[in-house]
Amino acid sequence: MKNLLCVTGLHVNFETSTGAVRANRGVNLTVEKQERLGVMGESGCGKTVLMLSLMRLQQPGVIAKGSIIFNGRDITGLSENQMRHIRGRGIALIPQNHSTALNPVYTVGQQLGETIGRRHGRTGLWQIIRTRQPGYGSPAYNEIKDLFNRMNFGDERFFKRLLDSYPHELSGGMRQRVLIGMALLLEPQLVIADEPTTALDRATRLEILELLGMLAGKTTLIVVSHEVDAIKSICNRVAVMYGGRVVEFGKTSAVLSSPKHPYTRLLLKSQQFKRGGSISITAGALDMVTFPSGCPFYPLCPQVMPVCSQVEPAEVATGEGVVACHLYHGGKECWK
Amino acid sequence: MLEVRNLSKNFTLGHNLLARLGHSDQIIQAVRNVSFGVKRGEIFGIAGKSGSGKTTLGKTILRLLEPDGGSVLYKGSEIFKFSPGDLKQYRRQVQVVFQDADSTLNPRQSLYSALEEPLLIHCVGAKKQRQKAISKALEQVNLPYSLTGRYPSELSGGQRRRAALARALVLEPELIIADEPNTGLDPVVSAQVLALLLELNRQHNLSLILISHDLAAINYLSNRVAVMYGGKIVEMIDGSMFEFFSRHPYTRFLQGFNGDVILQNGVCDVHAKSRVSDEGCVYVACCPEARDECFKASPELTRVAFGHLVACHRVHGPGR
Ligand SMILES: Nc1ncnc2c1ncn2[C@@H]1O[C@H](COP(=O)(O)OP(=O)(O)OP(=O)(O)O)[C@@H](O)[C@H]1O
Ligand SMILES: Nc1ncnc2c1ncn2[C@@H]1O[C@H](COP(=O)(O)OP(=O)(O)OP(=O)(O)O)[C@@H](O)[C@H]1O
Ligand code: SF4
Ligand SMILES: [Mg+2]
Ligand SMILES: [Mg+2]
C-alpha cells in the first residue's frame, strides 16, 4: 500500500439562501507516503474546503459523494469520536488564517502544552483542566524548546517571552511559525499547510519554506499555496484546481515547465507581470453556485473550442500526469 | 497631500509578560521617527521586514492609534487635532484595507451590509444609488454579485480579502492605505487587483500607500518606495530606480542580490537576535557588511542622489 491518501470523486456542498455552493465537484487526488504535494488554484476554487474535508472539518458543508481513503480506511463514514483519533496524530492542519487559529485567551505556552497533551491522547475535559503552561525545565518545556531550536526560533530569552505571549502580541510571521510548531509537536503522518507563507517577508518566507522542507522524508506534506516558487522549492507533485475540480495533476517539474491545462498556463503567465504591463481577463468571479455549462474555464479560455461549452471534460492521463481539458482528449470523448 | 513628520509609536508590553520575568526592556518601538510625504495621485510603496512597523504606521496615519511623537498633516492640517466632524470627513477621503481581512469584516454582517455600512455612515445616496455603488465595487474586485448574501465565514480567504478591498473602494476615496492588498490571491486575480489599483490611480488620480512584501507588486505600481526595518525607514527611492539602484544592504537582501546571507546567518529575526537597540544601526545584527561604526552610531537617512535617501554607514562612506 503506497498511497497514504486517496480521494475519489469528492463532492462537497454548502446550502445557502442563494442556492447550493458546490465547492468540490468530483475531486480526485492521490498522495503517496513521504510525498510533498502542492495545491494551487484560483481564489475560491475549493482548496480550503478540500483540505478541511480531509479532516472532516468542512462543516457546515456536507460530503455528498465520493470517498477519502486515509491509511486504507474510508474516513467519510467515521464517527466524530473515531475522527478525533485521526485528527492530530493522523492528519494535522496548519490553517489558512493564522490570526484566528490560535486561541486569544491562552498564552502560546499553554496552547503548545495542550498540544503535547493531545498527542498523549488527553482530549476533552482533561485537555481543559490541563491548559497550564509547561513549567521551566519540565519534559514538555524541553520538548518545545528543542523543536523551536531546530526551527531556529531565537534564543532562550526570546523563547521564554514567546511562551508567555498572547497571540495578538505576536507578528504574523511569528504566529505562523507557532502554528507550524504545533503541527509538528503532534508528529502526524500527514501535515496539511494551507497557505503557510502568505504575507511574510522574504527572510521569514525562506525560513518557513526551509522548515517545511525539513519535514521532507519524515512525514507526508500537502501545501496549498499561491506562490509558484514556494511550490517549486518544496513539492514533488502538484495539483491545480479550478471550479471545484482538479484540472491538472502531475510532477512539479513537468507541470511548471510545460503546463498543459490552459488555466495552469494563465496562472504561470500572470506570475511574471512587469512594470507597465497589463492584464485583461476577469478571473476569480465564479460563485460556485451556478457554473457555465461544459468546462468551467471556457468563458476565459484562450483556446476554447465549440465542444468546451457543451461537455465538461473528463480527466485523461497524459504521460505521468492527469489533465481535464478537451484539448487532450485526442478526439476520443470529443463531440465532433 | 499627506505628510508624515517624525512619527513615532511605542508599544508597552503588558505587565503580565516581561514584567513577570523581570526584564527591563518592555517597550517596543514599533515606528521610530518616520517622515515621508505622499503627493496627490502618487503611489507610495512601503516594503520591509515582518514586524518592522508597517501596519502600525498605517494605523497611526489613520488615527486608529495615537502616536508617541510627530505629526501627520493631511492637506496641510494636523490630523491629530481634527474635530470629530473633520475626522469623519478625513475617514471618508482616506480609506484603509487592513492586512487582516478577517478582523475588518464583522462575522455577523452579510457582505451586502458590510459594503453598505460605510455608505450609510457617510449618508451617501439613496438605496438605489448605494446598490449601484456596491455592485460597481464588487465588479472591480471580480466578486460576483451573488455573493452579497453570504457571511464572511461563507467566503474563501481570497474572497474575504477582495471584499475588504471593495469596502474601501465603495466610498471612492482620495487616498487608500492598502496593507498587503494582493496576498492570499492566486497570481491571476492578484495581477488584476494590482492592475485595478493602477487604473484607479491613473484615471481617478487616486493616491495610494501600498504596503507589501511582494516586491514585484511594489515595483509594478510605486512612484516612490520606502523600505522599513526595525521601525525605521532605511531607504527611500524613486520607483523606477528601485529595482536596480537601491543601495541599503537590507533592500538588496530583499531583492535577492545577496541571498547567501540567509545561509550564513541563519535566522535574522529582530525580535530574536537583537531587540531593536537604540545604539547602532537597526540592521547591524544581520548585516553582512557591518563595520565598527555601525555598532556605535545609528546612520541618518541621508540623500545620496536625486530622490534617493539611504540610512547606512557603508553607503555614506568613511568619515561620516
Ligand atoms: N461555509 C460556507 N458556506 C457557503 N459557501 C462556502 C462556505 N465556505 C466556503 N464556501 C465557498 O466555497 C468555495 C470554495 O471555498 P474555499 O475556501 O475552499 O476556496 P479556496 O480555494 O481555499 O480559495 P482561497 O484561495 O481564496 O482561499 C468558495 O466559492 C466559497 O465562497
Ligand atoms: N497591540 C500591540 N501590542 C504590543 N505590540 C505590538 C502590538 N501591535 C504590534 N506590536 C508590535 O509592533 C511591532 C510592529 O508590528 P507591525 O504589525 O506594525 O509590523 P508589520 O511591519 O506590519 O509586520 P508584518 O509584515 O508581519 O505585518 C511588532 O514587533 C509587533 O510585535
Ligand atoms: S476544455 Fe476547452 S475551455 Fe476548458 S480549458 Fe480545455 S480548451 Fe479551454
Ligand atoms: Mg483557501
Ligand atoms: Mg503588517
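This is a predicted model: local features need pLDDT of at least 70, side-chain atom pairs count only at pLDDT 80 or more; totals for chains, interfaces and linings use all residues.
Among the contacts in chain A with a separation of 6 or more, 65% join residues 24 or more positions apart. The accessible surface of chain A is about 13900 Å², and carbon and sulfur atoms make up 53% of that area.

Within this chain, E42(A) deserves a moment of attention. Its place is the loop that runs between β3 (36-41) and α1 (47-54). E42(A) is buried but has no salt bridge; the nearest side chain of opposite charge is R162(B), 7.0 Å away. Beyond its neighbours within four places in sequence, the contacts of E42(A) include K47(A), M241(A), Y242(A) and Y263(A), as well as D186(B) from chain B.

Attention now turns to ligand 3. The residues around this ligand include the cysteines C295(A), C301(A), C308(A) and C325(A), along with H261(A) and H326(A). F297(A), Y298(A) and Q303(A) are also among them. By type, the shell divides into nine nonpolar residues, three polar ones and no charged ones.

The last stop is in chain B, where E289(B) lies in the loop between α12 (261-265) and α13 (292-296). E289(B) counts as partly exposed because its relative accessibility is 30%, which falls between the 20% and 50% cut-offs. From C-alpha to C-alpha, E289(B) and H313(B) are 9.7 Å apart in space, with a sequence separation of 24 residues.

Technical notes
Residues are numbered from 1 along each chain as its sequence is written. Chains are lettered from A and ligands numbered from 1 in the order in which they are written. Side-chain values use heavy atoms; hydrogens and water are left out. A residue is near a molecule or strand if one of its heavy atoms lies within 4 Å of it. Ala, Val, Leu, Ile, Met, Phe, Trp, Tyr, Cys and Pro count as nonpolar, Asp, Glu, Lys and Arg as charged, and the others, Gly among them, as polar. Helices (H or I, at least four residues) and strands (E, at least two) are DSSP runs, numbered from the N terminus. Buried means under 20% relative accessible area, exposed over 50%, partly exposed in between (1.4 Å probe, protein chains only). Lys and Arg count as positive and Asp and Glu as negative; His and the chain ends are not counted. A salt bridge is a side-chain nitrogen of Lys or Arg within 4 Å of a carboxyl oxygen of Asp or Glu. Contact means heavy atoms within 4.5 Å. Accessible areas come from the Shrake-Rupley method with a 1.4 Å probe; for residues, only the protein chains shown count as cover.
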